[in-house]
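Welcome to this guided tour. Open your viewer, get ready to select residues, and follow along stop by stop.

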Number of protein chains: 2
Amino acid sequence: LNKNDDSRVSRGHLHPRIGNQAARYRKSIPPVEELTARLLDGDRSALSRAITLVESTLPEHQAAGAEIVRRILPYTGRSFRIGITGVPGAGKSTFIDGLGTAYVRRGHRVAVLAVDPSGVRNKGSILGDKTRMTRLAKSDAAFIRPSPSGNRPGGVARKTRETILLCEAAGFDRIVVETVGVGQSEIYVHSMTDLFVLLKLPGAGDELQGIKRGIMEMADMILINKADGDLLDEARRAAGFFRNALQWFGSARQVPVTALSSLDPTQIEDVVNRMEEIYRRLKTSGELKQRRDRQQIFWFDETFRDKLDLFLNGDSRLRHIRQSLKEKIISGKITPFDAAETFWNAFIESLASSRKGR
Amino acid sequence: LNKNDDSRVSRGHLHPRIGNQAARYRKSIPPVEELTARLLDGDRSALSRAITLVESTLPEHQAAGAEIVRRILPYTGRSFRIGITGVPGAGKSTFIDGLGTAYVRRGHRVAVLAVDPSGVRNKGSILGDKTRMTRLAKSDAAFIRPSPSGNRPGGVARKTRETILLCEAAGFDRIVVETVGVGQSEIYVHSMTDLFVLLKLPGAGDELQGIKRGIMEMADMILINKADGDLLDEARRAAGFFRNALQWFGSARQVPVTALSSLDPTQIEDVVNRMEEIYRRLKTSGELKQRRDRQQIFWFDETFRDKLDLFLNGDSRLRHIRQSLKEKIISGKITPFDAAETFWNAFIESLASSRKGR
């Protein structure tokens, strides 16, 4: 039993990690039909297997994963998708443990996913770690899955987005997606969730220095966590400060700011009530549908851009031409516009010959 | 003499607007060699003609314009490029009139250009209007040119960027580019200037509501204008507020914030001194070169993206496919990823057949 396998232990059963190079070939994939049927039946092991296929770098696994996603598409969309962002140490695991447990108590089935394109799995930044969500990890109604790996941030996020669909098809109706906000990951998580929550530490002055632009604009809810013990006063001050700051810099929309102790079940219940109220409002007003439609188009455009980038970076002749053009631009030998014209023609040529080669 | 022609009157001479449909064919273009030579001699009329070629929508004029830009490239880059943004009514014209006049008094040659992709030439948003820069318009050492027209914002900005080069080749060593900040225009102006100045009105509370995210981050200098008469106190309060806000939300870099009366020549002189100090620092530290290199690469990438967009939107078959894919995505019949795959293949096919057709 290696460390990787250990991290997939769930409810006492083993889900061998297919991503592991050796295990890939040890384990045969059940037929797509069977896996899909079991997944729609709520079978957790089938869900895990389907996610592993979606996350795989092997083309045949990817194709099987895409086929499963295609088949379950009619059974998706009926969950409340909640995105959580916050720096390492903001208390995301404790908060999500409390949030998920409260949802389970209300009869919901909760999936916790993560987007961490850094791939760094150190103590500070590990996401979707079962050992840090002790109560939730024990629940039969909860499913916790760490971030897929990969060095293309859009690729990592895309996998998580498909995993949301798989979880919904398997009957999970409250999906939490957490991220530490490395690079563009917040934009990706914002683009796959219905409610985007910014989890902050108390200590307004110091904290604000590090706030990334655009994050405040994306947030639908701001929680100042760790509002207990010595930090209570500071958390309240920070909440007041953020309310003001949002008034100054924010858009017209209302963004609730609350100081919160994730250790206090009553306060967690209040947050859940507030989230559910927003969810109801989003549904009845039609905003939920609009937001999700926009997100779908975002992922369409994003995937197209990703394909373009892959092509541009994957073709060594194009890479070489681009590099040499950039050098000529910087040394003043060519205008950026003439260079772009040259590069565009080289791009078309490469595409055409790649097509011929198929 | 129609209204269009009238707007190009400069120092008593007429520069017929070639963009005018009728005038286009009335006026023959001097050979590129001659125009280039006269431009490098500092001939204002040759400069105007060259800019008109760059701005033209006629392919043969564009080609001539591009050829002139290519030829003058070795004589460019030796100016201080200053970007100014501010909402209509912030007092840009009055400030630029004062700034330009101060520079002329110091022996500089000043060009004032504008980027206004909205194309709206109403009283509130007119940019580069000579009648509003009364002192500067009279000076032989100043050249004022309104925004080129066009409905592709990147295209409008690209023309202005080439116009900067033409002005530099004609001997102008202080270039001011103003914008009202419609759409992406601030990003474009920021990407063609060495110093980006945000001109604000007094009245912190109300004003901040409308501040666009990212603008504060781009600004190298913030001026609270109209700090005179009744507004003096309020402008000072606003300056203090902005200094705090920058501390909270800003990056580590120092952004000077000053309350300013554009009507007071002494205060304008102070601003000029400060700008020149920044320019010296940028040059000696090597930051100027770095910033301009980054800008060149930005324009290379931007022009490539622009070409891609033109192709995608110019091909009616592709437009149709994209529209129908988006509808299928939104109605849940296809995943955004499968749709992107389909669209990528359609794109390659269209490119290949467009190439065959050449």
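A residue is called buried when its relative accessible area is under 20%, exposed when that area is over 50%, and partly exposed in between, using a 1.4 Å probe and protein chains only. This is a predicted model, in which local features need pLDDT of at least 70 and side-chain atom pairs count only at pLDDT 80 or more, while totals for chains, interfaces and linings use all residues. Residues are numbered from 1 along each chain as its sequence is written, chains are lettered from A and ligands numbered from 1 in the order in which they are written, and side-chain values use heavy atoms, leaving out hydrogens and water.

**Stop 1: two loops**

Select A:Lys226, in the loop between β6 (221–224) and α12 (232–249) of chain A. Is A:Lys226 buried, partly exposed or exposed? With a relative accessibility of 31%, A:Lys226 counts as partly exposed. Now look at its backbone: phi is positive, about 65 degrees, although A:Lys226 is not a glycine. Most residues other than glycine have a negative phi. Next, select B:Lys226, in the loop between β6 (221–224) and α12 (232–249) of chain B. Its phi is also positive, near 65 degrees, and B:Lys226 is partly exposed at 31%.

**Stop 2: chain A as a whole**

Zoom out to chain A, which has 16 helices and seven strands. Helices (H or I, at least four residues) and strands (E, at least two) are DSSP runs, numbered from the N terminus. Of the 358 residues in chain A, 56% are buried.

**Stop 3: a buried threonine**

Select A:Thr85 in strand β1 (residues 80–85) of chain A. A:Thr85 has 0% relative accessibility and so counts as buried. Show its contacts (heavy atoms within 4.5 Å). Beyond its neighbours within four places in sequence, A:Thr85 touches several residues, including A:Lys92, A:Val180 and A:Phe196. Which side chain makes a polar contact with the side chain of A:Thr85? That partner is A:Glu186, at 2.8 Å. A polar contact is a pair of N or O atoms within 3.5 Å; within protein, one must be able to donate a hydrogen and the other to accept it, and residues adjacent in sequence count only if both atoms are side-chain atoms.

**Stop 4: two helices in chain A**

Select helix α4 (residues 44–55) and helix α8 (residues 153–169) of chain A, whose axes come within 10 Å and cross at roughly 155 degrees. Axes are lines fitted to C-alpha atoms, for helices over the stretch in contact, and angles run from 0 to 180 degrees between N-to-C directions. α4(A) is therefore roughly antiparallel to α8(A). Angles under 35 degrees count as roughly parallel, over 145 as roughly antiparallel, 65 to 115 as roughly perpendicular and the rest as oblique. On the α4(A) side, show A:Leu47, A:Ala50, A:Ile51, A:Val54 and A:Glu55, which meet A:Lys159, A:Glu162, A:Thr163, A:Leu166 and A:Cys167 in α8(A).

**Stop 5: between the chains**

Select helix α14 (residues 287–314) of chain A and helix α15 (residues 316–330) of chain B, which pack at about 130 degrees with axes 10 Å apart. The two are therefore oblique to each other. Residues in this contact include A:Phe300 of α14(A) and B:Leu325 of α15(B).

Finally, select B:Lys307 in helix α14 (residues 287–314) of chain B. Leaving aside neighbours within four places in sequence, B:Lys307 is in contact with A:Ala340, A:Glu341 and A:Trp344. The side chains of B:Lys307 and A:Glu341 are joined by a polar contact of 2.8 Å.
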